[in-house]
Amino acid sequence: MIGFLKNYGIIVVVLLDGVEFLRKSFRVKKEKDFDAIFKKGASVANRKFVIYRLENNETHFRVGLSVSKKLGNAVTRNQIKRRIRHVLIQNSNQLVDNVDFVVIARKGVELLEYAEIEKNLLHVLRLAKIYQEGNKSEEEITID
């Protein structure tokens, strides 16, 4: 999908990679949804992230992000959320469907580079059985 940004009379074309993932239907936003995931769901953790997961009736996954004020100011917290979102967008075709999950960033994430965040997040997603190795679109294609 292509988006357009008009800035000072110049039109700039921006490729919106993962725009489908950013739709509201892919996000956990309501407090009751967060509460249900925390109370009824299972949790898995590593040193940098905690994942709570709960099966849902949707045809796709939904994700909620939580970054505490203890990790830094608004700029730092938003940067962490953008990096987490980017990892999820880049790996969205390996994430299982029919699950709601919440990603909680732990202390120390604010010091990590993107590659380290990606490594730690994919590790905990594997533990939670949300991330599956291999590409879904590649699995569906069979060549005889």
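Start by selecting F34 and F38: both sit in helix 1 (residues 31-40), four residues apart, which is about one turn of the helix. Helices here are DSSP runs of H or I with at least four residues, strands are runs of E with at least two, and both are numbered from the N terminus.

Before you go on, a word about the model. It is predicted, so local features need pLDDT of at least 70 and side-chain atom pairs count only at pLDDT 80 or more, while totals for chains, interfaces and linings use all residues. Residues are numbered from 1 along each chain as its sequence is written, and side-chain values use heavy atoms, leaving out hydrogens and water.

**Stop 1**

Keep F34 on screen. Is F34 buried or exposed? F34 is buried, because its relative accessible area is 17% and buried means under 20%, exposed over 50% and partly exposed in between (1.4 Å probe, protein chains only). F38, at 35%, is partly exposed.

F38 and Y52 make an edge-to-face aromatic pair, with 4.8 Å from centre to centre and 85° between the planes. For such a pair, ring centres of Phe, Tyr or Trp (its six-membered ring) lie within 6.5 Å; planes under 30 degrees apart are stacked, over 60 edge-to-face, and the rest tilted. This pair links distant parts of the chain: F38 belongs to helix 1 and Y52 to strand 4 (residues 49-55), 14 residues apart. Y52 is partly exposed, with 22% relative accessibility.

How many aromatic pairs are there by this rule? The count is four. One of them joins F34 and F38, a tilted pair with 6.3 Å between centres and 40° between planes.

**Stop 2: a cluster and a loop**

Select F26, F61 and F101 to see one aromatic cluster. Then pick R23, in the loop between strand 2 (10-15) and helix 1. R23 is partly exposed, at 40% relative accessibility.

**Stop 3: the core**

Next, select F49, I51, F101, L121 and L125, which touch the most other members of the largest nonpolar core, a set of 28 residues. Such a core joins buried Ala, Val, Leu, Ile, Met, Phe, Trp, Tyr and Cys residues through side-chain atoms within 4.5 Å. Helix 3 (114-127) is among the elements that each supply at least two residues, and helix 3 gives the most, with five.

Finish on L125. Leaving aside residues up to four places away in sequence, L125 touches I51, L88, L95, F101, I130 and Y131, where contact means heavy atoms within 4.5 Å.
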